[in-house]
Amino acid sequence: TLSLHDALPIYLNPSHIGLFDWEIIAIAQSNGFIGLNIDQRVMSSDRFLTLVKTEALFAKIERRKLFWSSIIFENIRYIAELLQLNGFNPWDFICIGSDFDGALHPINLFLEEADLPELATCLLQHLTRYYESPQCPITNTNKYFFPPTSIVNKIMFENAQCFLKRWFV
C-alpha cells in the first residue's frame, strides 16, 4: 500500500480521529465507501480552520461558501489521490456522510440539509479548478471519464445509492 501520510497536508486534521491511509485502502478493497462528516473540527486542522475563518470573515457570501466548502474538498482530494495512487478509481468510494445529527460544529454556511445543493455547487467549482491545475495528479483517463459534474453527483448522491443497492437491495 502506497501512502501519502508522510506528506500530510496542513489542511487535514492530524489527530487519530480520522481514517488512516491503510483504512481508506481497506475500505476501497472491500467495496465500502467513506462518508465525509460535515463537522469543521473533525475534517480540518486547527491551522487550516483558522485560515478559513480569517479569509472568510469579510468576504462576500459566495466567496465565504467557497472557503468553508474547501474543508470538505481538501478531504475529498486527499482520499482521491491516495486511492488513485493505489490503483483504484479515485471517485467511487467517497460520499457526504452526515445527517447533521450530532455534529457539534457543522461547517459554517452548510448547517442543514437544505444547504447541500449549495455545497454541491461549491464542490463543483473546487473540482473544476483542481482538474485545471498542472499539479493535479488525477490521470487524464479519470478526468475524461469522470468530469467534475459527474464526480459531484457521485459524491453527493450516486455512491451512497450504489452502496445501498449493492448491500441492502
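Colleague: Among contacts in the protein between residues at least 6 apart in sequence, what percentage join residues at least 24 apart?

Modeller: This is a predicted model, where local features need pLDDT of at least 70, side-chain atom pairs count only at pLDDT 80 or more, and totals for chains, interfaces and linings use all residues. Residues are numbered from 1 along each chain as its sequence is written, and side-chain values use heavy atoms, without hydrogens and water. With contact meaning heavy atoms within 4.5 Å, the share that joins residues at least 24 apart is 74%.

Colleague: How many residues of the contact of α4 with α5 are charged?

Modeller: On the α4 side the residues include Lys65, Phe73, Arg77 and Glu81, and on the α5 side Glu118, Leu123, Arg129 and Tyr130. The contact has 9 nonpolar and 4 polar residues, and its charged residues (Asp, Glu, Lys and Arg) number 5.

Colleague: Which residues do ring pairs link into a cluster?

Modeller: Aromatic pairs, with ring centres within 6.5 Å, number 7 in the structure. Tyrosine 144 and phenylalanine 145 have ring centres 5.1 Å apart and planes at 80°, so this pair is edge-to-face (over 60 degrees). Both of those residues are exposed (over 50% relative accessible area, 1.4 Å probe). The cluster consists of Phe73, Trp91, Tyr130 and Tyr131.

Definitions and conventions. Helices (H or I, at least four residues) and strands (E, at least two) are DSSP runs, numbered from the N terminus. Rings of Phe, Tyr and Trp (its six-membered ring) pair if their centres lie within 6.5 Å; planes under 30 degrees apart count as stacked, over 60 as edge-to-face and the rest as tilted. Buried means under 20% relative accessible area, exposed over 50%, partly exposed in between (1.4 Å probe, protein chains only).
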